[in-house]
Amino acid sequence: MTSPPPAIAAQNLTLTLGSGQAAVEILRGIDLEVPQGQALALLGPSGSGKSSLMAVLSGLERATSGTLSVAGENFSGMDEDALARARRGRIGIVLQAFHLLPTMTALENVATPMELAGMPDAASCARAELEAVGLGHRMTHYPAQLSGGEQQRVAIARAIAPRPVLVFADEPTGNLDTATGHDIIDLLFARHAEAGATLLIVTHDHELAARCGRVITLADGRIASDSGT
Amino acid sequence: MTGVGSFSPSRLREGSGEGLLSEPRSTRPPPTPPAGGRGALPWSTAWRIARRDLSARFRGLRLLLVCLFLGTGALAAIGTLTGSIESELAARGASILGGDIEAEVWQRGATAQEASAFSALGKVSSGTRMQAMATAGPQADECAAPIALKAVDASYPLVGKLRLQDGRAVGAPPPGSLWLAEGAAERLGVAPGDTVKIGGQPLTLGGIVAEEPDALSEGFALGAVAIVRDDFPARAGLTAPGAMYRTKLRVALRPGIDPAAAVQQLQARFPDAGLRLRTRDKAAPGAERFIENMGQFLVLVGLAALAIAGIGIGGGVASYLDARRASIATLKVLGASSGDIARIYLLQIAAAALAGSVAGLAAGVLVTPLLASALGKLLPVSAGLVLDPAALPRAAAYGLLVAMVFAAPPLLRARQFPAMALMRSRVAPLALPFRAMLVPVGLGLAAIVGLALASAADMRLTAGFLVSTAALLILLAGLGGAIRRLTARLPRPENPLLRIALVNLYRPGAQTGALVTALGFGLSAFVLLAVIETSLSANIARKVPARAPDYFVLDVPRDRLAEFEQAVHQTVPGAAIRAVPALRGAILAYGPAERMTRVADLKAIPENAWALRGERGLTYADEVPEGNSLTEGQWWAKGYTGVPLVSVDEKLEDALGLKLGDSITISLLGVERTAKIASFRRIDWDSMGFNYVLVFSPNAIQDAPHNLAATIDIPPGAPKAGLLRRLVRAFPASSVIETGALLRDARALLSQMSVAILAAASVTVLAGIAVLLGAIAAARASRLYDTVILRVLGASRGQLLALQVAEYGLLVAMLAGVALALGSGIGWLVIVKLFEFDWLPDWREVFAVLGAGLALVLGFALAGSLPLLRAKPAQALRDL
């Protein structure tokens, strides 16, 4: 029996922003392979390139060079729209500032990615996921009517509900107080375990990183250490 | 729901997350794999997402809504008004014409054959129309007024009701009496029961006309109507051979006879009788043409307003989408492609556009009665409210197309907004997608131009207007950009408030260019209308009287010319008299003698060949008429007796392709006469005397019975009191028209039309104000920031208000300059180059109109900025 393909396979990824004299090298030759179902933390100081690496791996940003395969899709050479379509239903993203759609209720926020992916039972799945993150009583509330912790739970439900194969979380507790942050991380791991997805968390927090099966530390756009190797 | 995780919501509330991992896991199966998840988002899903994101009150899209409301509202009101009037004219066709068909012939009555042919078709009413003079009062203080004399038989009116002010519905007046229009009664100072003389014959005023059913079909006349019995003109000697009168025969057709078929039959039977035949569906072609032209003009004004509203639409959509950058990026993070983003926001914009357009259509229809009452006497009929099935969809189509043209660029730019914007504060500025814009903007513009041209009464005029409007908008946009650059280069004032006010005009995101374009158009139109109206009015008041004769006299008997001249010279010594023979006839055929073209055979009258329509004034002369010059050929010798000759206006020569030696056949009093073209002439129409397209050699037509028409020029300063009274008394069958009164009427009409056009142009200023308010709303966040910082630094509300006044005062001052330069520049071209009049604007009135427009703009700008002054620094700083 052959082993399943990796969730992420990246070779010699680089990312350069700007051009000419203003060009800044953000990522400098990243080689990375993440097996399916793994929980991985990306650690590193500010400006080390960890958020940019997450953006490239999740298809939000196109690498300047290198090859990248995510969830069996070859991301190299895809344009922005193809990357957006590739994310549909397969990649969930949780961001530090929640980024819920302010004009939509919690339920609608969670249903939207499934609707974009053309899933027929988006509303009932969203309802179930909100129940699962403990927000069954907040379904018709708008983001402005929710606390920061509740908003991040909605964001987690939104990322998990389509049952993605990969979940990315960029500083998911960065905008929350410590106690709420702990709750959110517990919830994220719980939903990750339930969904069986690969989880990649970008964080400054060593304690949080320690909860992941593998920790990669970035420095100056390069992998400085990898606990998985 | 089965299979859903059994977390207790209460345990999961914020701060109570312990034990989360120990809870049972959801057993919800993975969702069904996406069906077509890689393709474009279906419209239904796009609409579901769009609807959620769309505020029920269209928050953020209200500028789009207001702009479309104004634009489509104006067009709907215009369309409904013209449609209502046209349908009123059509519905009342028989009443307006006074029958199902009408025949008109000059200077003669109907022949026995003609009369019997008409009688065979149905019930006939006949009568005569002519210009005449009415007098009243004691001989020493007699009042005289020109009247439109209408002699009717006992069958009048065949259709409709003639009503008097005392409420009676009447027909022809009893023998020895007349019905008089209010204007004439006032001018003569008479009331029912008083005596009025026409052609020297006394009549008793039986009543004042309140409603004349066929007034619209009677055409232009100098003076108000006087209705008498059909035998009166002959008794008063007003229809003597050569007198200028028209006989009218109207027929109420027997059931089953089609008016068009009846007219065709009469034309075939009497092809060269000079009969002008009309059917009830073309009862008032002049009024119809006026309404068509007015409607066309107003539609063009509405379109201009819509184009300005388009600037607001573009700005409104751009700021709406800018405010949604985070949502757009989030949707992209969630898997939406740029095409999906375009669909979602297109649906939102379309929903708002539709709502604005529908509200505009409803408002447009509802204000139509107000518009009708504002236009008042300019309209030929008082119209009810009739929905024109074509006008409303057309207005909506214009609105939606303009929305498409102006909303497409910001929408296409927004679809490029990257998902990464959520993670990085700086993203590369988005370029305007020119290529992608070409299709929707190009198609939209082409559809607008196509729709405007397809529904145009005059394609050339419409095309010219569209091109001029586009050029003006581009020019204004250029001026706006130049002003922005210029203010950036000005030295910064020392006064901090003035400095900030100046900087606000060119800071990043400043809408100066759009505002100069949007407001400059309407204000320039204000100035343009004011300079044209005041210049025309001043020309009429000062210049025309200097050029035009003081009196026109019609129907001077040719055997009494010496007596006429003597009467004038005895009353006003030194008065200049010019008398010319006056006949009427229709051109029947033209061209080389061996193959002449019959006018009756033409499918359409060639352009500029208006002289072929119906009967025209004809004259004969021994010498080239004053103010005319030969361009080709030779004038005949005095006393010429050879082949009848004619001299033709060079414009008719061009229109018909005539050559020297060609022939022209006319119908004169029902008799055909042919003359050879001996020369072509250039006519100086500005000479304002009698000018004729065809001037014959005397031997061609002088044997026909006719009278003379004369002009009288009074030397400057000479008293002319008593001349009118003396002429009316001595020549009762002649009509003496005072130019001064005509000019007063013309100026009053011009002023009334000017007010109506100014009201129409106000829509463009309103659209500009909507753009201004939109720009203020779009800049509110950055302005609030400025205001709060200034408040923190100690600025008082008064100082902040002064800052707003200074900023918008600067804008208004620049707009004043732009409007004055453009409006008066274009006005000068129109007055001096197009009309060839003197440049005589009344600057006081021009500045008053412009000042009113600017005050309106400044008022709205300050009112729109007032909420900023109420901002509480502490609260605002928390929210910022």
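Colleague: To start in chain B, in which hand does H23(B) pass H24(B) in their crossing?

Modeller: H23(B) passes H24(B) in a right-handed crossing, where right-handed means that the near helix is turned clockwise from the far one by less than a right angle, and left-handed that it is turned anticlockwise. Before going on, please keep in mind that this is a predicted model, in which local features need pLDDT of at least 70, side-chain atom pairs count only at pLDDT 80 or more, and totals for chains, interfaces and linings use all residues. Residues are numbered from 1 along each chain as its sequence is written, while chains are lettered from A and ligands numbered from 1 in the order in which they are written.

Colleague: And what is the angle between H23(B) and H24(B), and how far apart are the axes?

Modeller: Helix H23 (residues 797–834) of chain B packs on helix H24 (residues 843–869) of chain B at about 150 degrees, with the axes 9 Å apart. Axes here are lines fitted to C-alpha atoms, for helices over the stretch in contact, and angles run from 0 to 180 degrees between N-to-C directions. Helices (H or I, at least four residues) and strands (E, at least two) are DSSP runs, numbered from the N terminus. H23(B) and H24(B) are therefore roughly antiparallel; angles over 145 degrees count as that, under 35 as roughly parallel, 65 to 115 as roughly perpendicular and the rest as oblique.

Colleague: Which residues make the contact?

Modeller: On the H23(B) side they include Leu800(B), Tyr808(B), Gly809(B) and Ala816(B), and on the H24(B) side Leu854(B), Ala861(B) and Ser865(B) are among them; two residues are in contact if their C-beta atoms, placed from the backbone, lie within 7 Å. By class, this contact of H23(B) with H24(B) has 16 nonpolar, 3 polar and 1 charged residues, with Ala, Val, Leu, Ile, Met, Phe, Trp, Tyr, Cys and Pro counted as nonpolar, Asp, Glu, Lys and Arg as charged, and the others, Gly among them, as polar.

Colleague: What about H11(B) and H12(B), at what angle do the axes cross?

Modeller: Helix H11 (residues 338–375) and helix H12 (residues 391–414) of chain B have axes that come within 9 Å and cross at roughly 150 degrees, which makes H11(B) roughly antiparallel to H12(B). The crossing of H11(B) and H12(B) is right-handed. Its contact residues include Ala353(B), Gly360(B) and Gly364(B) from H11(B), and Gly399(B), Ala403(B) and Ala407(B) from H12(B). The residues of this contact of H11(B) with H12(B) divide into 15 nonpolar, 4 polar and no charged.

Colleague: Then H3(B) and H9(B), how do they lie?

Modeller: The axes of helix H3 (residues 62–91) and helix H9 (residues 285–323) of chain B come within 7 Å and cross at roughly 170 degrees, so H3(B) and H9(B) are roughly antiparallel as well. The contact of H3(B) with H9(B) has 19 nonpolar, 7 polar and 2 charged residues.

Colleague: Switching to chain A, how many helices and strands does it have?

Modeller: Chain A comes to 7 helices and 10 strands. Four of the strands form an open antiparallel sheet in the order E2-E1-E4-E5, with strand E2 (24–34) and strand E5 (73–74) at the edges, each pairing on one side only. Two strands pair if DSSP finds at least two bridges between them.

Colleague: How many bridges join E1(A) to E2(A)?

Modeller: There are 8 bridges between the antiparallel E1(A) and E2(A), and in E2(A) the bridge partner of Leu13(A) is Ile30(A). E1(A) and E2(A) form a hairpin with 6 residues between them, and Gly18(A) in the turn has a positive phi of about 80 degrees. Strand E1 (residues 8–17) also pairs with strand E4 (residues 65–70) of chain A, antiparallel over 5 bridges, and there Ala10(A) stands opposite Leu68(A).

Colleague: What about the other sheet?

Modeller: In chain A, 6 strands form an open sheet in the order E6-E7-E8-E3-E9-E10 with mixed pairing. Strand E3 (residues 39–43) and strand E8 (residues 198–202) of chain A run parallel, joined by 4 bridges.
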